[in-house]
Amino acid sequence: MSPAPIRLEAPLSKEEIDPLRTGDVVRLNGVIYIARDAAHARMKESIDAGHPLPLDPEGNIVYYSGPAPARPGRALGPAGPTTASRMDPYAPLLIERGLRGMIGKGVRSETVIESMREHGCVYFGAVEGTAALLADCVREAEVIAYDDLGAEAVRRLFVEEFPVVVVNDLYGGDLYREGRERWRR
Amino acid sequence: MLREITVSSISEAVRDLCIEANTRLPQEHLAALSRALEAEESELGREVIERLLENAEVARERCIAFCQDTGYAVFFVELGSEVMISGGEIGAAIDEGVRRGYEEGYLRKSIVRSPIDRSNTGDNTPAIVYYEPVKGDGLKLTMLVKGAGCDNMSALKMLTPAEGLRAMKRFVVETIERAGPNASPPLTVGVGMGGPFEKAAVLAKKALTRPSGEPNPDPDLAVLERELVDEINATGIGPAGYGGTQTALAVHIESFPTHIAAFPVAVNLDCHSHRTASAEL
């Protein structure tokens with residue numbers, strides 16, 4: 001059996017993510033933000049223009065996802081992770097501003113991983129294709145910016161026991177690389 | 001004597017297919033995932049597959065999408081020579097069905113107007129439709145819901161005849177190595193070979209509509225499919241890319257005649273949310 005999951009309450013301090021190691025199974029609680037491609041492009045425009053961001057990255061976690069519409073009575077429609085590398089050109093802008101975590105799927109660039117180590121940010125993997133189960137962990141969801149982007153709007157979520165795995169920690173660990181090396185025949 | 005099929009019955013069938021494909025994983029695919037769960041040696045890998053199976057059950061019970069990326073709506077249409085479509089045009093009827101299915105099924109609309117103008121079309125149209133004329137008075141619609149994460153990791157290469165089969169196998173495995181976790185393994189791998197450039201790509205997509213794990217009727221290609229599954233599983237990428245022994249559930253190869261100078265190969269990857277459904281009118 002795998003060890004008991006580590007429970008974390010977001011937003012997170014630097015001290016809270018220090019002990020995390022690649023492969024750790026984590027359950028996230030508290031506030032996280034949804035943003036993906038188009039929202040990141042707009043946030044970069046805001047930064048370039050010197051305008052405030054719709055979310056304060058300090059201590060927060062961004063979840064790369066574009067939910068399907070919710071059925072009546074549900075906080076959020078199915079919402080699994082999308083491919084994180086598409087956000088690589090933008091991620092360091094938020095990491096430099098205190099972003100503490102990112103949730104997605106797939107490998108990150110060396111530039112992003114270096115920025116994470118320098119500023120203190122971890123990359124969590126959620127299992128793609130488990131959108132229905134992940135949405136069940138969302139208690140509240142609210143569009144806070146870019147409503148016109150529909151599925152790509154920025155949303156603030158309140159989550160309970162949201163299951164993730166640490167992919168990239170602060171010490172050079174990389175679950176994708178290590179997992180592949182271990183099981184390669 | 002022509003058999004009449006109305007556009008409204010086509011739209012209705014397409015609407016139902018959109019909802020069925022996005023909310024119910026095919027039985028053959030669930031069986032393939034269950035076999036992978038048995039075979040997977042990595043504990044984290046097994047946990048991933050268990051979550052996928054649990055997610056599929058929840059989605060089916062509640063009639064919700066099991067993956068938020070409800071994709072491109074791709075259709076392979078076998079249109080009988082003795083069929084007369086009445087009341088309008090078949091392409092418009094398929095689009096109307098997609099419009100209704102994606103709205104009424106609470107499915108995400110993911111299509112933008114062009115790679116440059118990235119405004120959403122708002123209803124997941126246009127559908128991507130490939131027509132094949134066949135004999136008889138039937139109309140068969142096979143839908144593939146194609147997510148972008150895995151489609152983005154697909155590739156096509158124009159090999160030379162001298163490079164041959166060995167290079168073809170290497171290219172398939174390299175494509176999967178390069179995709180790593182991004183394509184969301186365990187994968188269904190569609191391989192199209194032959195024809196000119198675009199034919200290989202369409203065959204690779206069509207190969208994905210074959211029921212999970214059903215071998216190619218050509219025994220040589222069936223052997224090649226099995227060999228490729230083994231080579232892909234030796235990469236160690238594993239479920240969700242966290243490492244493991246189950247990276248491909250199946251490889252489906254479709255072959256077509258080609259030119260004396262050519263050996264085109266296309267590899268279209270499909271994630272573990274492998275969504276197909278079909279209807280006959």
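Strands here are DSSP runs of E with at least two residues, helices are runs of H or I with at least four, and both are numbered from the N terminus. Two strands count as paired if DSSP finds at least two bridges between them.

This is a predicted model, in which local features need pLDDT of at least 70, side-chain atom pairs count only at pLDDT 80 or more, and totals for chains, interfaces and linings use all residues. Residues are numbered from 1 along each chain as its sequence is written, and chains are lettered from A and ligands numbered from 1 in the order in which they are written.

I then followed β7 (residues 154-168) of chain A to β2 (residues 25-34) of chain A, and noted an antiparallel pairing over 9 bridges. A:L28 has A:F162 as its bridge partner in β7(A). Strand β5 (residues 122-125) of chain A is also antiparallel to β7(A), with 3 bridges. There I noted A:Y123 with its partner A:N168.

Next I turned to helix α4 (residues 90-104) of chain B. Its 15 residues should span 21 Å at 1.5 Å a residue, and the end C-alpha atoms are 21 Å apart, which agrees. The expected span is 1.5 Å times one less than the number of residues.
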